[in-house]
Each structure stands twice: as structure tokens, then as C-alpha cells.
Amino acid sequence: MRKWNNILARVIIVLFLLHALMGSLMLLGVSSISFLPLSWGLLIAVSVHGILGIIATLAAVSGGKASGHWYFKQNAAFWTKRISGIAILLLLAFHVTAYTTSVDGRFFLKEFTLCRMLSQILFILAIFIHLAVSIKAMLIAKGTVKFKERTTDWMLVLSVMMLFFAVAVIIYYIQWQM
């Protein structure tokens, strides 16, 4: 199960980066391409990943109950992934409803309020935390020999991309205020 979840996580990262890049370019007014199957594929992949994460968490909790030792400090990365994953799932609802609404089958933009902007920034932050904590384990599971260097490389790329996504959301908010 862990092997499949690791492969799924890599697929999710690629789908997420494509989705977020396309969405950011739309928010900036640079592109009008909307690829809905990508969004649905990402949602399905994230849902399966979440279910597998819940199964792994339940196994860890039952192991902790059986042994009476939780080792929270030693398993900080594990629990950080779970907490950030829950935050992602909760904020996903805000993300799905933040930009458009449908009236009689026609899509319209919703007013992008401060609350919607903050929910999207928190969403980006939760994803960043989840990825930042997961990168090292993913590289080790993949068999990367120089995982420390690769972790740093990935963190740089993710930081730049997440900053770009956050800036796009902020610029979109500013455009709504004008």
C-alpha cells in the first residue's frame, strides 16, 4: 500500500503543479485555457491518496493504543503530514467554490473577497507544508542516493512555484478591488 501511495503522491504532484500553474496564469489574465479533466483527475487522485492516508493513520493509532507508546516527537513528520493533509482536505472545499458559481447551467465568476483570498493562501500554505515534510521520504523511497541535495533542490523549486501561485491569488484579489 505504501508503494502505491508513493507512486500516487508523485502523480498528484505533477497534476497539482500543472493545475496550479494553469490556474495562476488564468488568474493573472495571461491564459484562458481551462482543462477540467485535469482538475477532476487531481481531485480523484487526492481523494484516493487521502483514503490511503487515513488507512495508514488508523493503523498507526491502533499500534499506539496496543503498545501504549505514541512516540509523537519521533514521528513528528508523520503527524505533520496527517495534520496538513486534513487541512488540505478542509480547505479544498473552499478552493472548489472560490472562483466560479453556476446559475442555470452557466458559469459566472464569484466576487473574490478577502476571505476567499485568505482561504486560498492558507490552502497553498497547507500544500507547501505537506510537500515539504514529504519530499525527503519520497526521495528515500524512490532510492535517491543524494536525497539531501535533491531535497534542497525540490524545496527551492516548490518555494518558487508556491510563491508564484500565492502572488497570482493576491494579484487576482487586487484586481477585484479595483
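A contact here means that heavy atoms lie within 4.5 Å of each other.

**View 1. The whole chain, shown as a predicted model.** Among the contacts in the chain with a separation of 6 or more, 68% are accounted for by residues 24 or more positions apart. The chain has five helices and two strands, and these elements follow one another from the N terminus in the order α-α-α-β-β-α-α. Taken along the principal axes, the C-alpha atoms fill a box of roughly 55 × 35 × 30 Å.

View 2. After H1 comes Gly29, which has a positive phi, near 80°.

**View 3. The buried residues of helix H1 and what covers them.** The buried residues of H1 include Leu8, Ala9, Ile12, Ile13, Leu15, Phe16 and Leu17, and also Asn5, Asn6 and Ser24. Among the elements that cover the buried residues of H1 are helix H2 (36-67), helix H4 (114-142) and helix H5 (147-177).

**View 4. The hairpin formed by strands E1 and E2.** Strand E1 (residues 100-103) and strand E2 (residues 106-109) run antiparallel and are joined by four bridges. If we follow one of these strands to its neighbour, Thr100 has Leu109 in E2 as its bridge partner. Two residues lie between the strands of the hairpin, and Asp104, in the turn, has a positive phi of about 55°. As a point to keep in mind when looking at such a view, the side chains of a regular strand alternate between the two faces of the sheet.

**View 5. Aromatic rings, with a cluster that includes Trp70 and Phe72.** A search of the whole structure finds nine aromatic pairs. Trp70, Phe72, Phe78 and Trp79 are linked into a cluster by ring pairs. In another place where a ring takes part, Lys3 lies over the face of Trp4, at 6.0 Å from the ring centre.

Conventions
Residues numbered from 1 in each chain as written. Predicted model: local features only at pLDDT ≥ 70, side-chain atom pairs only at ≥ 80, totals over all residues. Heavy atoms only, no water. Pairing = 2+ DSSP bridges. Phe/Tyr/Trp six-rings, centres within 6.5 Å; stacked < 30°, edge-to-face > 60°. Lys NZ or Arg CZ within 6 Å of the ring centre and 35° of its normal. Buried < 20%, exposed > 50% of the residue type's maximum accessible area, 1.4 Å probe, protein only.
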